[in-house]
Each structure stands twice: as C-alpha cells, then as structure tokens.
Amino acid sequence: MTAREDMLAGRPYKPGDGELVAMRKAAQGLMRDYNATIIGDKTRARTLTQLLGTWNGAVIRTPFHVDYGKHIHFGPDCFVNYGCFFMDICEIRIGARCQFGTAVQLLTEDRPRERDSRAKGVEWGKPITIGDDVWVGGGAIVLPGVTIGDGAIVGAGAVVTRDVEPGATVVGNPARPLPPKS
C-alpha cells in the first residue's frame, strides 16, 4: 500500500510521504493561480478542472483552500462563498445544488488523541458526504466522517460532529437538530 492509498482508506499514514508532498505542492500552485483571479477570468475553469476531482461548474469565490483538491467532487449547480477550506485527505462528495457560506470548513483529517502517538507524526481521516440541496451557513465546521442528508441546513457557526438527517436543520456547538416547525 502507498501512503496515498492508506490516506484515502482512512488508515494512519505519514503526511511527509514524497508523493503526498508533491500532490500538495501541485495543489498549492493551482490554488495560488485560482486565488489570483477575479470573476470573469478565462483561466478559472481550466484551473478548477485541474485542481478538483470533479468540478462540475461549481461557482467558487476566492480565496478557496484545499489540501489536495483531487479528492473533492462537486455535483452540478453548487456555490462556495469566500474563504472556504475544504481539507480533503479523504474524499469530500458534494451533491447537486449545495451552497456554502463564507468561511465554511470541511475537515476530513484527524489526529491521534494520545500525546505519544501524535509525536510519531501520523494522521488519518474520514470522508465527508453532503447530499443534494444542502445549505451550510457561514463559519460552519464539518468534522471528519460526517454525512449530511439531502435538503439539510447547517446553521452559521455550527460545529457538525455527527451525521445530519435529510431535511434537518442543525445549529450550535456541537450542532444539534432544531425541533420541526409545527
């Protein structure tokens, strides 16, 4: 197994592996190029096609930040507002017509809880899956391994630590469902 295979499978791996460093360096160059553009620049589509696993025409405001980019897959008609961080050591799969507010963080990476294990420099991750027609409010953070169901809403500033049911609205830290409206 390569470090990349271990990483994508959610197994412990060393992020300093040469292939992974080269992939992050390539992603950083593409992010630099993309983040230097403005709306209407002709290079945007080419850069996002090279950076992302599946771009699908998503409107992504700059600045936009990723680890690798290649592990991020957008469905059609998505919108990502300014200053978002999609950290993709594992896959991030986003359904159709999803919208992300300013400064949203999708974080697939995780680290050991024990000090001695952290000192060894390993990490791992879990994928994030987001269904169709999801709205994630500004400043929300979605943690590793979370699935957000179709039509759900994540309130601004929420920290999503567990799965969100389809059609649910979650708010707070940690995010909890709001009771349904009567």
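A residue counts as buried when its relative accessible area is under 20%, as exposed when it is over 50%, and as partly exposed in between (1.4 Å probe, protein chains only). The structure here is a predicted model, so local features need pLDDT of at least 70 and side-chain atom pairs count only at pLDDT 80 or more, while totals for chains, interfaces and linings use all residues. Residues are numbered from 1 along each chain as its sequence is written, and side-chain values use heavy atoms, with hydrogens and water left out.

Now for the inside. A nonpolar core is a set of buried Ala, Val, Leu, Ile, Met, Phe, Trp, Tyr and Cys residues joined through side-chain atoms within 4.5 Å. The largest one has 39 residues, and F74, F86, I94, F100 and L106 have the most contacts inside it. Two or more residues each come from α2 (18-35), α3 (43-51), β2 (64-66), β3 (72-74), β5 (84-87), β6 (92-94) and β11 (128-130). These labels are DSSP runs numbered from the N terminus: helices are H or I with at least four residues, and strands are E with at least two. Helix α2 gives the largest share of this core, four residues. There is also a second, separate core of seven residues, including Y13, L20, Y68 and I89.

F100 is worth a look. Contact means heavy atoms within 4.5 Å, and, leaving aside neighbours within four places in sequence, F100 touches F79, V80, N81, F86, I94, L106, I130, W135 and V136.

Strand β3 also holds H73, a buried residue with a relative accessible area of 13%. The H73 side chain makes a polar contact with the side chain of T54 (2.8 Å). A polar contact is a pair of N or O atoms within 3.5 Å; within protein, one must be able to donate a hydrogen and the other to accept it, and residues adjacent in sequence count only if both atoms are side-chain atoms. Beyond four places in sequence, H73 is in contact with G53, T54, E91, I92, R93 and I94.

Charged pairs come next. The structure holds six salt bridges, each a side-chain nitrogen of Lys or Arg within 4 Å of a carboxyl oxygen of Asp or Glu. One of them joins R93 to E91, with the closest N and O atoms 3.0 Å apart; R93 is partly exposed at 39%. Another links R113 and D110 (2.8 Å, N to O), where R113 is exposed at 58% but D110 is buried at 18%.
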